[in-house]
Amino acid sequence: MLINITKETLSDKKITIIGLKKSGYAAALLGHELGANIFVSDIGNNSDIITKKNTLIKKGISVEIGNHSNLIYDADFWVISPGVPNDIEIIKQAIKLNIPIIGEIEFASRFTNLPIIAVTGSNGKSTTVNILYSMLKTDKLQPILAGNIGIPFSEKVHEELKNPDLGNIYILEISSFQLEFIDQFRPTICAFLNISPDHLDRHKNIDKYLKMKLRMIKNHKKNDILVYNIDDLVLDKVFKNYKIKKIPFSISIKTPFFGFNETKIYNENNEPYIFIDDITLKGKHNLSSLIAAATIAKLMNVNDDVIIDTMKKFSGIDHRLQVIEKVNGITYVNDSKATNIHSVIVAINSFKTPIILLLGGKNKNSDFRLLLPHTKRHVKHIVSYGEAGGEIAAAIGDAVRLNCVSSLSEAVASAHNLASTGDVVLMSPGCASFDQFNNFEERGEKFISLVNEIIK
């Protein structure tokens with residue numbers, strides 16, 4: 001594909017960057033820093049894109065917004081932002097013209113020599129990489145966190161070029177989108193957390209989705225390590241016959257580093273490691289994330305005291321089952337990061353009290369009927385909203401009380417009116433945010449502001 005992309009050969013190369021959100025913007029700045037001739041193109045023209053365009057133009061970088069002109073084809077290669085679908089017409093045309101295409105993750109990886117730990121999966125990625133970041137912050141390790149977490153890899157590599165003491169190992173959260181256009185990207189540790197149907201609007205079916213995830217280990221070498229969740233039936237089956245160095249983790253059976261009973265985690269010598277009640281982050285899904293991170297930390301020779309301390313203190317991340325307010329006995333919870341059905345199921349099962357569930361956004365070809373067995377226990381009402389609101393209402397039928405509204409603002413107001421003492425108002429959308437918001441973070445912040453307004 002692309003053999004000769006290095007710091008030395010990038011000077012004067014013509015690079016077209018498709019997409020001007022976080023990743024495309026960061027890639028443009030990195031390429032410009034290395035002397036490339038950058039041209040950025042985005043069909044959008046919202047205020048964020050206009051601001052980024054103006055900043056890049058001031059730096060001497062060419063930008064077009066609102067359309068893709070034929071100028072995009074005057075390039076030695078393209079860098080694609082992960083949000084750009086791989087089957088649009090301009091990509092088909094670029095392929096016909098033999099223009100090499102790589103993703104932002106691939107692009108950034110060419111300009112760092114630091115080892116990479118990459119974490120992927122359908123759910124729990126952000127929680128896991130944040131836990132791992134806490135565990136690896138030691139005297140010997142200075143981790144740099146980036147990727148799908150909301151911090152572009154290119155941004156951190158750009159910082160590293162200016163400050164070589166920035167850190168000594170990368171921790172990257174990796175999405176399936178980011179793996180579509182990789183070539184030589186090679187983490188030294190690849191972690192797979194779980195596989196459940198997600199992004200089927202883009203990947204069409206679960207087999208293609210899994211195949212895309214597995215691209216993360218396409219460049220594995222014999223000393224690189226695969227860490228995977230043996231509790232996940234799909235991963236257990238797919239990795240069973242892989243002839244590579246692999247370390248499983250589990251919260252149900254003994255694995256190389258940890259064992260379990262109902263009250264304790266044990267170490268590799270079957271000695272008590274930590275009481276489960278001493279772990280701040282509750283829920284089986286979070287315990288799995290903790291053990292995934294701890295397994296990698298053990299491989300990195302992190303002291304057990306540091307791992308245990310993180311398990312005791314780590315309390316979670318923004319937009320993932322984040323308690324916003326408790327007012328008049330009603331708890332408001334922001335789970336904006338729940339962009340697929342499995343995440344919503346995890347969220348529902350995290351509570352034992354009645355739930356008013358806010359579902360909606362842009363559907364990713366999900367089957368909302370999969371929620372029905374999990375709503376029977378204590379989901380007392382669903383408020384569907386946004387582009388997928390009608391689809392959700394049709395899928396749920398009369399199995400659960402439901403009303404459908406247009407916007408998140410209306411959904412929060414409706415949920416507030418429906419809730420009574422002891423209830424949880426849970427915004428766990430099960431959809432992408434792109435019908436009304438730029439990303440799940442923006443959606444989560446909007447939910448927080450709406451809750452704060454309504455309870456004043």
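Start with the lining of the second largest pocket: by class it has 11 nonpolar, 20 polar and 7 charged residues. Nonpolar here covers Ala, Val, Leu, Ile, Met, Phe, Trp, Tyr, Cys and Pro; charged is Asp, Glu, Lys and Arg; the others, Gly among them, are polar.

Ground rules. This is a predicted model, where local features need pLDDT of at least 70, side-chain atom pairs count only at pLDDT 80 or more, and totals for chains, interfaces and linings use all residues. Residues are numbered from 1 along each chain as its sequence is written, and side-chain values use heavy atoms, with hydrogens and water left out.

Back to that pocket. Its volume is about 1,100 Å³. The lining counts 38 residues, and Gly-283, Lys-284, His-285, Asn-286 and Val-346 are the closest to the centre. Helix H10 gives the most, with 5 residues. Helices and strands are DSSP runs, helices being H or I of at least four residues and strands E of at least two, numbered from the N terminus.

How is a pocket told from a cavity? On a 1 Å grid over the protein atoms alone, a cavity is a set of points where a 1.4 Å probe fits but cannot get out; a pocket is an open set with protein on both sides within 12 Å along at least five of seven lines. Lining residues have an atom within 4 Å of a point. Points join across faces, edges and corners, and volume is the space filled by probe spheres set on them.

How many cavities of 30 Å³ or more are there? The search finds 1. The largest cavity holds about 70 Å³. Its lining has 12 residues, with Ile-80, Pro-82, Gly-103, Phe-177 and Gln-178 nearest the centre.

Next, Ser-109, in helix H4. Is Ser-109 buried or exposed? Buried, at 14% relative accessible area; the cut-offs are under 20% for buried, over 50% for exposed, partly exposed in between, with a 1.4 Å probe and protein chains only. Its side chain reaches the backbone oxygen of Glu-106 at 2.7 Å.

Last, rings. Phe, Tyr and Trp (six-membered ring) pair if centres lie within 6.5 Å; planes under 30 degrees apart are stacked, over 60 edge-to-face, the rest tilted. The count is 8 aromatic pairs. Phe-107 and Phe-111 sit 5.2 Å apart, centre to centre, with planes at 80°, so that pair is edge-to-face. Both Phe-107 and Phe-111 are buried.

Definitions and conventions
Polar contact = N/O pair within 3.5 Å; in protein donor to acceptor, adjacent residues only side chain to side chain.
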